[in-house]
Amino acid sequence: MIGRGEALEALRREVVGRQLEFATVIEVADGGPTGFLLHVRSGRRVHTHMLVVAADGSSLSLDHAIGEPLPVADTQLSAQGVRMWLIEQLDTGVLRWGQRVTLPQGGVAIDPMLAPAPASPWWVSPVPLDRPTGAGQRRLRRLARRRGRSHVTIIGGSIASEPDPALGGHLLDAGLDVRPGRAAKADGRLVQWLHLHLDDRGTPPPAGQLVASWRDESEDVVVLEHLEFEPSVPERAVEELVLAGVHAAADAGARVIEHRFDDVGQLQGDLPWQPEDGILRLRAADVP
């Protein structure tokens with residue numbers, strides 16, 4: 001049987017200070033009945049997330065990587081399984097979709113073991129800022145001809161890319177305004193340019209976009225400067241688009257996030273925006 005103390009020390013050796021996909025584990029603490037508490041920093045975010053890893057008897061004897069009991073009571077093997085499980089959770093965005101719980105000692109943590117909210121039909125992702133090189137584009141055209149398609153949507157990591165001088169062309173084709181995103185990129189202010197799709201089947205045209213950029217001459221404030229979406233877009237989809245922009249801003253190291261959008265009702269969600277001189281501001285410390 002694996003003891004709690006030795007499991008904690010093994011987990012610290014395995015994960016503390018390591019970059020696990022999109023985050024770095026800063027500290028692992030014993031949270032008592034709650035389990036082990038992992039302080040995780042995403043990107044350059046000023047304030048860390050906290051993740052819960054169960055530490056009861058059955059969990060300590062579990063290989064988290066495969067969800068099966070360990071073949072032997074091996075502390076190092078247990079810690080390695082937790083690390084592989086964490087990599088998968090972080091890779092699939094647990095810091096955004098993970099269920100939040102209030103800790104007995106105060107504060108809020110993410111418990112990846114809790115079932116996430118039902119998946120929505122829409123999805124949000126960054127607008128590609130690169131395009132395949134000339135040779136890569138010729139290869140894609142050959143692949144398309146072989147497969148009898150007009151285009152290939154998944155290019156794989158083996159095709160070299162270069163900066164795209166005509167960013168957001170697919171957004172322009174869908175009738176969306178690409179000038180704010182292109183200007184922010186050209187000025188070196190762009191934090192994240194996101195697009196919203198209402199259907200996860202095939203490659204539907206984008207139905208909305210959000211541009212988040214640094215405020216002029218500021219290293220602390222990120223502005224959600226351009227939000228645009230079709231009238232048919234559900235309110236929850238708009239909230240998800242804005243939340244993705246807020247998280248991107250916090251991960252970039254912003255201390256304050258702000259916007260001047262008129263249609264505030266669709267942006268509030270559970271975020272504590274505070275009005276100030278016609279601007280709505282949100283402290284990055286309050287981003288869940």
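Is Arg281 buried, exposed or partly exposed? At 22% relative accessibility, Arg281 counts as partly exposed, where buried means under 20% relative accessible area, exposed over 50%, and partly exposed in between (1.4 Å probe, protein chains only).

The model is a predicted one, in which local features need pLDDT of at least 70 and side-chain atom pairs count only at pLDDT 80 or more, while totals for chains, interfaces and linings use all residues. Residues are numbered from 1 along each chain as its sequence is written, and side-chain values use heavy atoms, with hydrogens and water left out.

The chain has eight helices and 17 strands; helices (H or I, at least four residues) and strands (E, at least two) are DSSP runs, numbered from the N terminus. Of its 288 residues, 44% count as buried. Among the contacts in the chain with a separation of 6 or more, 54% come from residues 24 or more positions apart, a contact being heavy atoms within 4.5 Å.

The description of individual elements begins with helix α1. This helix spans residues 4-15 and contains both Arg12 and Glu9, which are three residues apart, about one turn of the helix. The two form a salt bridge in which the closest N and O atoms are 2.7 Å apart; a salt bridge is a side-chain nitrogen of Lys or Arg within 4 Å of a carboxyl oxygen of Asp or Glu. Arg12 is partly exposed, with a relative accessible area of 30%, and Glu9 is likewise partly exposed, with a relative accessible area of 36%.

Helix α1 also packs against helix α3 (residues 75-91), at an angle of about 50° and with the axes 9 Å apart. Here the axes are lines fitted to C-alpha atoms, for helices over the stretch in contact, and angles run from 0 to 180 degrees between N-to-C directions. The helices α1 and α3 are therefore oblique to each other, because angles under 35 degrees count as roughly parallel, over 145 as roughly antiparallel, 65 to 115 as roughly perpendicular and the rest as oblique.

Leu77 is placed in helix α3 and, at 27% relative accessibility, counts as partly exposed. Its C-alpha atom is separated by 9.2 Å from that of Ala10, 67 residues apart along the chain. Not counting residues up to four places away in sequence, Leu77 touches Leu70 and Pro71. Glu88 also has its place in helix α3 and is partly exposed, with a relative accessible area of 45%. The C-alpha atoms of Glu88 and Glu21, 67 residues apart along the chain, are separated by 8.5 Å.

The structure holds 14 salt bridges. One of them joins Asp216 to Arg189, with the closest N and O atoms 3.8 Å apart. Asp216 lies in the loop between β13 (208-214) and β14 (221-229) and Arg189 in the loop between α7 (179-186) and β12 (190-197), so the pair ties together parts that are 27 residues apart in sequence. Asp216 is exposed, with a relative accessible area of 55%, whereas Arg189 counts as buried at 17% relative accessibility.

Another salt bridge links Glu276 with Arg281, the closest N and O atoms being 3.5 Å apart. Glu276 counts as partly exposed at 42% relative accessibility. Elsewhere, salt bridges that share partners join Asp187, Arg189, Asp216 and Glu225 into one network.

Asp277 lies in the loop between β16 (274-276) and β17 (279-283). Although it is not a glycine, Asp277 has a positive phi of about 55°. In general, most residues other than glycine have a negative phi. At 70% relative accessibility, Asp277 counts as exposed.

Helix α8 (residues 235-251) has 17 residues and reaches 24 Å from its first C-alpha to its last, close to the 24 Å expected at 1.5 Å a residue; the expected span is 1.5 Å times one less than the number of residues. Its buried residues include Ala237, Val238, Leu241 and Val242. Just after α8, Gly253 takes a positive phi of about 105°.
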